[in-house]
Amino acid sequence: MKVLEAGMDFRGRWALVTGASAGIGVALARELARRGANLILTARRTDRLQALADDLTATGAEVRVIAADLNDSAAPQQIFNATEGAGLPVEILVNNAGLGQYGAFHSSPEEQELSQVRVNCEAVVRLTRLFVPRMVERRRGWVMVVASTASFQPVPYLTTYAATKVFDRFFAQALAAEVARFGVKVTALCPGSTESEFFDVARAAAFKRGVQSAEDVARQGVEAMARGKRTVIPYFGGRFTALLVRALPVSLITYAVERAARPKS
Ligand SMILES: NC(=O)c1ccc[n+]([C@@H]2O[C@H](COP(=O)([O-])OP(=O)(O)OC[C@H]3O[C@@H](n4cnc5c(N)ncnc54)[C@H](OP(=O)(O)O)[C@@H]3O)[C@@H](O)[C@H]2O)c1
């Protein structure tokens, strides 16, 4: 009953989902629509966004599609202008868009290193800074930041990625504490290996073990957000590992990960 009540909070509310063209973002958008939310879908691949929009519209949701490249620092303001700025109240902000890169940092493509910082961190701050003030004024709102279990320890060969994800998790957890008294809830969703295009984009097949479905991750993430939970790790192994790494010296964990993750060639 409690779950149903929490889910009902989203009925008829507008949710903005970044990275809604693939993987976890698609699943988050579908889960929010299933709970009655209207959707604003954004990413670069608009053909995919449009196909998802058609599906969700057929289930009764209202849907808008916005093409945006979050590498562009002007994109968050453009998204805001086309939504909240045009009178569409965004009550749910899902910062999901993100990318990784596997390999030795000293020889990896610099552009993808920097893109991780821009999309995974800078765009999250810009979007959240734009939308949260209206939520605070309304004394109601929900923000999700998709972090990762990579945020619980340094991860050699996913060096920048793990650093961006600890940024995401700490950003979400600190903001949650700030805005709770204004009725705004912030959730850090920390998935482990999840079925999506992430491993292709990051060239990180070596990390693809025991993948969870994006649907399962999204269901648990949205439920946690509806309940106002500040951190959610959507599988038992991830919750266990997050506890374990807190009990061990960070130098030992980092040493072990470096040995396990070192590229073969
Ligand atoms: N899969 C995993 O194992 C895993 C584990 C932990 C956390 N995560 C996190 O989950 C989130 C979603 O990733 P995913 O696994 O679903 O990967 P994915 O299938 O590769 O999806 C990534 C999404 O981000 C969007 N995106 C990437 N760069 C963008 C840019 N410059 N501008 C706008 N949108 C951009 C992509 O859209 P376009 O390419 O169409 O722009 C796509 O919709 C990420 O934050 C990731 O770090 C994933």
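Modeller: In this predicted model, helices α2 and α3 run roughly parallel to each other. That label follows from the crossing angle, because the axes of α2 (residues 23-34) and α3 (residues 46-58) cross at roughly 15 degrees, and angles under 35 degrees count as roughly parallel. The two axes come within 11 Å, and the crossing is right-handed. On the α2 side the contact is made by V26, A29, R30 and A33, and on the α3 side by L52, D55 and L56. By residue type, the contact divides into five nonpolar, two charged and no polar residues.

Leaving aside residues up to four places away in sequence, D168 touches N120, C121, V124, V145, V146 and A147.

One of these neighbours, C121, is itself buried, at a relative accessible area of 8%. The disulfide count comes to zero, and C121 is in no disulfide, with the nearest cysteine sulfur, that of C190, 14 Å away. Seen from the other end, the closest cysteine sulfur to that of C190 is in C121, and 14 Å is too far for a bond, because a disulfide needs the two sulfur atoms within 2.5 Å. C190 also counts as buried, with 0% relative accessibility.

Methods
Residues numbered from 1 in each chain as written. Predicted model: local features only at pLDDT ≥ 70, side-chain atom pairs only at ≥ 80, totals over all residues. Heavy atoms only, no water. Axes fitted to C-alpha atoms, helices over the stretch in contact; angles between N-to-C directions. Helix = DSSP H or I, 4+ residues; strand = E, 2+ residues; numbered from the N terminus. Parallel < 35°, antiparallel > 145°, perpendicular 65-115°, else oblique. Left-handed = near helix turned anticlockwise from the far one by under 90°. Contact = heavy atoms within 4.5 Å. Nonpolar A, V, L, I, M, F, W, Y, C, P; charged D, E, K, R; others polar. Buried < 20%, exposed > 50% of the residue type's maximum accessible area, 1.4 Å probe, protein only.
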